[in-house]
Amino acid sequence: MSKLEKVKNNLFLQLFWTFFKLGLFTIGGGMAMIPLIQDIVVDKKKWMTEEEAVDCIAVSQGLPGVIAINMATYIGQTKKGILGAIVATIGVILPSFIIIILVIKVLAGIGENRYVNGALAGIKAAATGLIAYSAYKVGRQVLKGPFQWVLALLSFVAIAVFSVNAVWAIVAGILAGLIYTAVKEKKNGNGGESQ
Amino acid sequence: MIYLKLFLVFAKIGVFGFGGGMAMLPMIYQGAQSFGLMSADEFSNLVAISQVTPGPMAVNAATYVGFNCAGYAGAFAATLGVAMPSFLLVTLACYFISKFKESKAIEGAFAGIRPVTVGLIGAAVIFMGQSAFETISLVPCLITLGTVILVGKFKVSPIAIVVAAGVIGAILCG
């Protein structure tokens, strides 16, 4: 095996490079990354089976935190243990880190410029629309009954109107969810619920 | 000490941030604001920049806030903070994957977390809108409305929309 091949076949380097590219080319965050990761990890690199990848996505979405970091950690961990997880995580973070610092420096260098400010105003308006649509899309999936509606509206009003810390909304949601499922299960006996 | 503070603020976001970048926005806003790290206007700048730069929103936010507060080391501390909880929790979950999937408690918790996530994203719209429509003018309102229609009805790529909005903004709002 030549030296170059050895380097190419080094799994740590592959993990780093794969996740570096993912971090560099996915605009739109972790959700946008999911299909790409599936394609690379399952079809191209064959690091995981289809089923393992589904587990990885479930865990990454289920746990708190940045979804892209969750997936990088999971895949790195299963391939090469803790060190693999560290390498993959650094890979996925590094592009953001470098690019954001560059953007700050460039913007600071430009200073007050009406075209830059105008462009930012336009992007802000578009971003507001994108977030609104995302709320609608997630809402359509999640808000299936009065329990879900009440919880969503309460947390919205608490945070947006009364400036309640979002952490408390999450904690309250966890408690409400635990009580809700426990009560529902009791009502339905052992037969379980019928959706 | 500013580095520790940055680390802790973003570690908290890492621990309680469910549901992806958009749902994490209110937490990022409040977390940064509570330490006087960020105004509403700066927050919306950050979100705008995150829309046109690659990578996860929360990492962009950590780098942005950290760098503006305390330079490179600040950016490093904040980014490390937001990544650390993920790192630890996922590593644990890898070992308990089967239990994790079948756990009744986790299922129950998520019955509550999911609706709250919708409320969080809704609150993010308000935080964003505060700055985007600071002075009520026609062009931003039309861009927002157009974005919702284009992405929702015509499935146009968000990146294309954001780039177009930037160009339109530079010409009409500049």
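Q: Buried means under 20% relative accessible area, exposed over 50%, and partly exposed in between, with a 1.4 Å probe and protein chains only; why is A:Lys46 called exposed?
A: The relative accessible area of A:Lys46 is 62%, over the 50% limit, so the residue counts as exposed. A:Lys46 is found in the loop between α3 (29-44) and α4 (50-62) of chain A.

Q: How do you know what these values rest on?
A: The structure is a predicted model, in which local features need pLDDT of at least 70 and side-chain atom pairs count only at pLDDT 80 or more, while totals for chains, interfaces and linings use all residues. Residues are numbered from 1 along each chain as its sequence is written, chains are lettered from A and ligands numbered from 1 in the order in which they are written, and side-chain values use heavy atoms, with hydrogens and water left out.

Q: Why is A:Ile82 called partly exposed?
A: A:Ile82 has a relative accessible area of 43%, which falls between the 20% and 50% limits, so the label is partly exposed. A:Ile82 is found in helix α5 (residues 67-110) of chain A. Between A:Ile82 and A:Val54 there are 28 residues of sequence separation and 21 Å from C-alpha to C-alpha.

Q: Why is A:Ala160 called buried?
A: The relative accessible area of A:Ala160 is 17%, under 20%, so A:Ala160 is buried. A:Ala160 lies in helix α7 (residues 146-160) of chain A. Its C-alpha atom is separated by 21 Å from that of A:Pro146, 14 residues apart along the chain.

Q: How do you know how many disulfides there are over all chains?
A: A search of the whole structure finds zero disulfides. For A:Cys56 the nearest cysteine sulfur belongs to B:Cys94, at 7.9 Å. A disulfide needs a pair of cysteine sulfur atoms within 2.5 Å, so A:Cys56 is in no disulfide. B:Cys94 is likewise in no disulfide, since its nearest cysteine sulfur is that of A:Cys56, 7.9 Å away.

Q: Are A:Cys56 and B:Cys94 buried or exposed?
A: A:Cys56 has 2% relative accessibility and, under the 20% limit, counts as buried. B:Cys94, at 16%, is also under that limit and counts as buried.

Q: What makes chain B a chain of helices and how many strands does it have?
A: Helices (H or I, at least four residues) and strands (E, at least two) are DSSP runs, numbered from the N terminus. By that count chain B has eight helices and zero strands, and its elements run α-α-α-α-α-α-α-α from the N terminus on. The C-alpha trace of chain B spans about 55 × 40 × 25 Å along its principal axes. Of its 174 residues, 56% are buried.

Q: What makes the group around B:Ile171 a nonpolar patch?
A: Patch residues have over 30% relative accessible area and no salt bridge, with nonpolar side chains (Val, Leu, Ile, Met, Phe, Trp, Tyr) joined within 5 Å and like charges within 9 Å. A salt bridge is a side-chain nitrogen of Lys or Arg within 4 Å of a carboxyl oxygen of Asp or Glu. The patch consists of B:Val52, B:Ile159, B:Val163, B:Val167, B:Ile168, B:Ile171 and B:Leu172. Together they have about 600 Å² of accessible area, by the Shrake-Rupley method with a 1.4 Å probe, where for residues only the protein chains shown count as cover. B:Ile171 has a relative accessible area of 62%, which is over the 30% needed for a patch, and is therefore also exposed. B:Ile171 is found in helix α8 of chain B, and this helix (residues 158-172) gives the most to the patch, with six residues.

Q: How do you know which residues of chain A carry the name "transmembrane region"?
A: The name comes from an unreviewed UniProt entry, which lists residues 12-37, 81-103, 115-135 and 147-180 of chain A. UniProt positions are in the numbering used here, feature names are shortened, and annotations may be inferred rather than shown by experiment. In the model, residues 81-103 of chain A are 100% helix and 0% strand, with end C-alpha atoms 34 Å apart. Residues 115-135 of chain A are also 100% helix and 0% strand, and their end C-alpha atoms are 30 Å apart.

Q: Why is chain A said to have domain 1 and domain 2?
A: The bounds come from an automatic or database domain assignment, which divides chain A into domain 1 (3-140) and domain 2 (143-195). Taken over C-alpha atoms, the centres of the two domains are 30 Å apart.
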